[in-house]
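Q: I have a chain open and want to go through it with you. Can we start with the pocket and then work outwards?
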Amino acid sequence: TTVMVHNIPGEGVVERLLEVWPLDGSYDFLYVPTSSGGRRAVGYAFLNFVSEERAAAFCARWQGQRLPWLSRCRRLKIARAHTQGLEANVDHLKARGGGRSGQSGLIILKHGRRVGLDDF
């Protein structure tokens, strides 16, 4: 199950997100699109969860919440993404030329190990 999280703040966000959304096996794909310069998040992120139950638990925990390091940021809005599943998301990024390998806003896990877009 893939969700889209709205109201993600700007710079250095992936490292901060990993502090509150650790790589604990509940999801296998995290993509935070960035501006053309690659420095700032454009305001949303995609996460693909390994099960419907994990996605539901994430939504229950984070829907309407603020990220802990930003008390003044907008509350998170979470919705089901149009593209569903790890493979479909990877194919979508490859087809659109997004999520270049090595880009800091893209995390893909395969069999619990972090891999690049080109290695998937």
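Q: Which element gives the largest share of the lining of the largest pocket?
A: Helix H3 does, with four residues. Helices here are DSSP runs of H or I with at least four residues, strands are E runs of at least two, and both are numbered from the N terminus. A pocket is defined on a 1 Å grid over the protein atoms alone, as an open set of points where a 1.4 Å probe fits, with protein on both sides within 12 Å along at least five of seven lines; lining residues have an atom within 4 Å of a point.

Q: Before going on, what kind of model is this?
A: This is a predicted model, in which local features need pLDDT of at least 70 and side-chain atom pairs count only at pLDDT 80 or more, while totals for chains, interfaces and linings use all residues. Residues are numbered from 1 along each chain as its sequence is written, and side-chain values use heavy atoms, with hydrogens and water left out.

Q: Back to the pocket. What volume does the largest one have?
A: About 310 Å³. That volume is the space filled by probe spheres set on the grid points, which are joined across faces, edges and corners.

Q: How does the lining divide into nonpolar, polar and charged?
A: Eight are nonpolar, five polar and one charged. The nonpolar class is Ala, Val, Leu, Ile, Met, Phe, Trp, Tyr, Cys and Pro; Asp, Glu, Lys and Arg are charged; the others, Gly among them, are polar.

Q: Where is Asp 91?
A: In helix H3. Asp 91 is partly exposed at 49% relative accessible area, where buried means under 20%, exposed over 50% and partly exposed in between (1.4 Å probe, protein chains only). Its C-alpha atom is separated by 9.4 Å from that of Leu 117, 26 residues away along the chain.

Q: New topic. What pattern does the chain follow?
A: β-α-β-β-α-β-α-β-β, read along the sequence. That comes from three helices and six strands.

Q: How many residues are there, and what share is buried?
A: The chain has 120 residues, and 42% of them are buried. Taking contacts (heavy atoms within 4.5 Å) between residues at least 6 apart in sequence, 60% join residues at least 24 apart.

Q: How many salt bridges are there?
A: One, counting a side-chain nitrogen of Lys or Arg within 4 Å of a carboxyl oxygen of Asp or Glu. The partners are Arg 16 and Glu 19, whose closest N and O atoms are 3.6 Å apart.

Q: Where do Arg 16 and Glu 19 sit relative to each other?
A: Both are in helix H1 (residues 13–20), three residues apart, so about one helical turn separates them. Arg 16 is partly exposed at 32% relative accessibility, and Glu 19 is exposed at 56%.

Q: Last one. Which residues other than glycine have a positive phi?
A: Asn 7 is one of them, with phi of about 75°, and His 111 is another, with phi near 55°. Asn 7 lies in the loop between strand S1 (2–6) and H1, and His 111 in the loop between strand S5 (106–110) and strand S6 (113–115).

Q: Buried or exposed?
A: Asn 7 is buried, at 17% relative accessible area, whereas His 111 is exposed, at 78%.
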